[in-house]
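Thanks for coming, everyone. I have one structure to walk through today. Please keep it on your screens while I talk.

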Amino acid sequence: MDETAPSGHEDFDPKLTEERLARLVRLAARAFNRSLQMRLQDEGITFGQWIFLRILWYNDGLSQRELSQRAHLTEPTAHAALTKLEKQGVITRQKMDGNKRTLRIFLTPKGWELRDRLEPMAHDVNLISLKGLEEDEVRVLRKGLMAIITNLKADENAAAEQGIKVPATRSSF
């Protein structure tokens, strides 16, 4: 494996070339999240809230359950983030006609206004992350990550068919 730093990455840690791909993906995801969080804090939005806002900007009016499923997060996690967004005046929860139990989550005008300020921040993080990569490298990376996601989802589905569930991350031992 080539242990030289990619062009423009003089602070590259050559020891990372020996790391498992799973750890590198986790470190990259963590770096993405931290970079975006640094930018979001000026708007009073956390990374967890960002996840739900991004979904609502494209699918306004989902239920809390639908939001948590699309975000791949638990309903209690969704509830906490949505409660904070509601207190900030970014969303409202509304009962819909014919269904007294299900609350739908809708963006307020303030929530829609945030989109124009927050989406460019995420775009900037993506551009920064790809610095030094050629278009064909980005295409290969994207294709590889999609294959990994697809393969691991198929593995999870096969396990589920055998009655094996992914354990809760907050389990007590």
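Residues are numbered from 1 along each chain as its sequence is written, and side-chain values use heavy atoms, with hydrogens and water left out.

How confident is the predictor? pLDDT is its confidence in each residue, from 0 to 100. The chain averages 89, and 88% of the residues score at least 70. Among the elements, H5 has the highest mean pLDDT, at 97. Strand S3, residues 99-107, has the lowest, at 85. Keep one caution in mind: where pLDDT is low, the predicted coordinates should not be read in detail.

Now the fold. The chain has six helices and three strands. Both are DSSP runs, numbered from the N terminus: helices are H or I with at least four residues, strands are E with at least two. From the N terminus, the order is α-α-β-α-α-β-β-α-α. Of the 173 residues, 21% are buried. Buried means under 20% relative accessible area, exposed means over 50%, and partly exposed lies in between, with a 1.4 Å probe and protein chains only. Take contacts, meaning heavy atoms within 4.5 Å. Among those between residues at least 6 apart in sequence, 47% join residues at least 24 apart.

Next, helix H1, residues 21-40. Its 20 residues should span 28 Å at 1.5 Å a residue, and its end C-alpha atoms are 28 Å apart, which agrees. That expected span is 1.5 Å times one less than the number of residues. Which residues of H1 are buried? They are Ser35, Leu36 and Leu40. Seen down the axis, the buried residues fall within an arc of 140 degrees, so they line one face of H1. The arc is taken from the directions from the helix axis to the C-beta atoms. What do these buried residues pack against? Helix H2 (47-58) and helix H5 (109-129).

On to a loop. His72 sits between helix H3 (64-71) and H4. Its phi is positive, about 60 degrees, although it is not a glycine. For background, most residues other than glycine have a negative phi. His72 is exposed, with a relative accessible area of 71%.

Last, salt bridges. The cut-off is a side-chain nitrogen of Lys or Arg within 4 Å of a carboxyl oxygen of Asp or Glu. The whole structure holds six. I'll show three of them.

One joins Glu75 and Arg65, with the closest N and O atoms 2.9 Å apart. This pair links distant parts of the chain: Glu75 in helix H4, Arg65 in helix H3, ten residues apart. Their C-alpha atoms are 6.2 Å apart. Glu75 is partly exposed, at 29%, while Arg65 counts as exposed, at 51%. Beyond its neighbours within four places in sequence, Glu75 contacts Gln64, Arg65 and Ser68.

Another joins Arg93 and Glu86, at 3.0 Å between the closest N and O atoms. Is Arg93 buried or exposed? Arg93 counts as buried, at 18%. Glu86 is partly exposed, at 34%.

Then there is Glu119 with Arg115, 3.3 Å from N to O. Both lie in helix H5, four residues apart, about one turn of the helix. Glu119 is partly exposed, at 23%.

Definitions and conventions:
Predicted model: local features only at pLDDT ≥ 70, side-chain atom pairs only at ≥ 80, totals over all residues. pLDDT = per-residue confidence, 0-100.
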